[in-house]
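Here's a walk through a model, written for someone who likes cut-offs spelled out. Open it in your viewer and follow along.

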Amino acid sequence: YKAFSDAGAEIVNIGRPLDVGKKKARFFRSFSLARMVKKAGCNVLLSRAGMTNRLTGYAGMLNLVPTVAVLSGRVGKHVLRLNFFKQFAGSIGIAFRLGFPTRIVAVSLEAANNFSCRYPLFSKYTVAIQNGIDMPKSKSDYQPPNCSADDSFTICYAGSLEIDRKGLDILIDAMKKIIFEYRREKLLLILIGAGEDEQSLKDMIRVTNLNKYVTFAGEMDDPLPKIRTCDAFVLPSRREGFPNALLEAMSVGVCCIASDCDTGPREIITNGVDGLLVPVNDSAKLAETIDRVIRDSDLRERLGRGGMKTVYNNFSLSKMADSYFELLVSLI
């Protein structure tokens with residue numbers, strides 16, 4: 001919360017969480033929030049993700065204040081062609097879950113399109129605002145990563161330690177292939193972050209005899225200095241919204257490899273230009289791609305510099321903030 005305080009925002013508490021350590025709150029907290037909204041004289045409400053959208057939406061309705069709900073996660077494709085009645089029923093259902101927001105923001109272009117196709121009644125109220133990250137003041141502030149001087153190779157992952165969503169089992173299996181099939185002994189994987197599957201990952205690593213090849217770095221306030229020391233960054237996710245960790249790794253010139261999962265990575269990476277995309281759930285292809293960048297240092301450097309250029313030109317924090325500001329002002 002320090003960043004909010006530093007920016008001049010007031011932080012208030014609308015009650016204890018539903019469970020310790022869980023990002024959930026009881027629905028009746030929307031009434032507590034509604035009282036605070038009225039007291040503060042808010043002109044517009046902005047929320048992001050899950051239960052927060054619902055609480056904020058209903059607090060806005062109680063005060064006749066416009067609300068913006070941000071869909072920060074993946075929005076799946078609409079497969080079936082439904083009739084108008086089913087489309088209407090689905091749209092009403094999602095409206096209840098989101099708290100009847102005035103506008104809906106998806107964090108990727110694909111997610112916005114998918115949401116509009118699934119719920120066509122909301123298509124004209126849905127916009128895409130891609131995530132952005134804090135950037136250096138100029139391109140000259142960028143420096144290439146401090147990679148190892150010998151023939152060792154370090155891979156980095158940063159994010160929540162979730163096996164199913166983040167595909168970390170795929171990464172572990174790829175590591176096993178590279179080490180025991182490709183015979184690359186001087187290989188290290190650094191996992192930055194924490195999550196509910198940390199112990200399961202440790203068990204998986206022990207069973208596959210990878211203990212000496214994997215390091216758990218834990219959560220970090222600023223992981224970028226650690227990421228910059230690595231030769232490659234890998235994001236093997238099965239599902240993503242719009243991954244900031246990938247943007248951050250690209251911004252410091254590290255060669256990045258990501259799964260081509262729905263929404264996110266394919267909007268950031270142009271395959272072979274500023275990073276590499278691999279099929280979802282394909283540990284063999286991931287191992288092959290990692291081995292490729294191990295063997296080709298020129299490719300690593302070219303992709304790293306391409307990634308820096310892409311993030312600098314397209315995904316700055318100021319660009320994202322400007323888009324949100326314009327949207328909020330239009331509602332006021």
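Let's start with a loop: Arg 183 sits in the one between helix 7 and strand 6 (187-192). Helices here are DSSP runs of H or I with at least four residues, strands are E runs of at least two, and both are numbered from the N terminus. Phi of Arg 183 is near 60 degrees, which is positive in a residue other than glycine. Arg 183 has a relative accessible area of 65%, so it counts as exposed; the scale is buried under 20%, exposed over 50% and partly exposed in between, with a 1.4 Å probe and protein chains only.

Before going further, two bits of housekeeping. This is a predicted model, where local features need pLDDT of at least 70 and side-chain atom pairs count only at pLDDT 80 or more, while totals for chains, interfaces and linings use all residues. Residues are numbered from 1 along each chain as its sequence is written, and side-chain values use heavy atoms, with hydrogens and water left out.

Now zoom out. The chain has 14 helices and 10 strands, and its C-alpha atoms fill a box of roughly 65 × 45 × 40 Å along the principal axes. How does the radius of gyration fit a compact globule? For 332 residues such a globule would have a value near 20 Å, and the chain's 22 Å agrees with that; the radius is taken over C-alpha atoms, and the rule is 2.2 Å times the number of residues to the power 0.38. Of the 332 residues, 46% count as buried. Contacts (heavy atoms within 4.5 Å) are worth a look too: among those with a separation of 6 or more, 68% come from residues 24 or more positions apart.

Helix 7 (residues 168-180) packs against helix 12 (residues 283-295) at about 55 degrees, with the axes 8 Å apart. Axes are lines fitted to C-alpha atoms, for helices over the stretch in contact, and angles between N-to-C directions run from 0 to 180 degrees. Helix 7 and helix 12 are therefore oblique to each other: under 35 degrees would be roughly parallel, over 145 roughly antiparallel, 65 to 115 roughly perpendicular, and the rest is oblique. From helix 7 come Ile 170, Leu 171, Asp 173, Ala 174, Lys 177 and Ile 178, and they meet Ser 283, Ala 284, Leu 286, Ala 287, Ile 290 and Ile 294 of helix 12. That contact divides into nine nonpolar, one polar and two charged residues, where Ala, Val, Leu, Ile, Met, Phe, Trp, Tyr, Cys and Pro are nonpolar, Asp, Glu, Lys and Arg are charged, and the others, Gly among them, are polar.

Helix 12 has another partner, helix 13 (residues 297-314), at about 100 degrees with the axes 5 Å apart. That makes helix 12 roughly perpendicular to helix 13. Arg 292, Val 293, Ile 294 and Arg 295 of helix 12 make the contact with Ser 297, Leu 299 and Arg 300 of helix 13. By type, these residues are three nonpolar, one polar and three charged. Note Ile 294, which takes part in the contact with helix 7 and also in the one with helix 13.

Over to helix 2 (residues 29-40) and helix 3 (residues 50-63), whose axes come within 8 Å and cross at roughly 50 degrees. That makes helix 2 oblique to helix 3, and the crossing is right-handed.

Phe 100 is in the loop between helix 4 (84-98) and strand 3 (103-106), with a positive phi near 50 degrees in a residue other than glycine. Is Phe 100 buried, exposed or partly exposed? At 32% relative accessibility, it counts as partly exposed. One of the residues that touch Phe 100 is Thr 67, which lies in strand 2 (residues 67-71) and, at 3%, counts as buried.

Finally, Val 107 is in the loop between strand 3 and helix 5 (109-118), and at 0% relative accessibility it counts as buried. Leaving out residues up to four places away in sequence, its contacts include Arg 48, Val 70, Ile 129 and Phe 242.

Key
Left-handed = near helix turned anticlockwise from the far one by under 90°.
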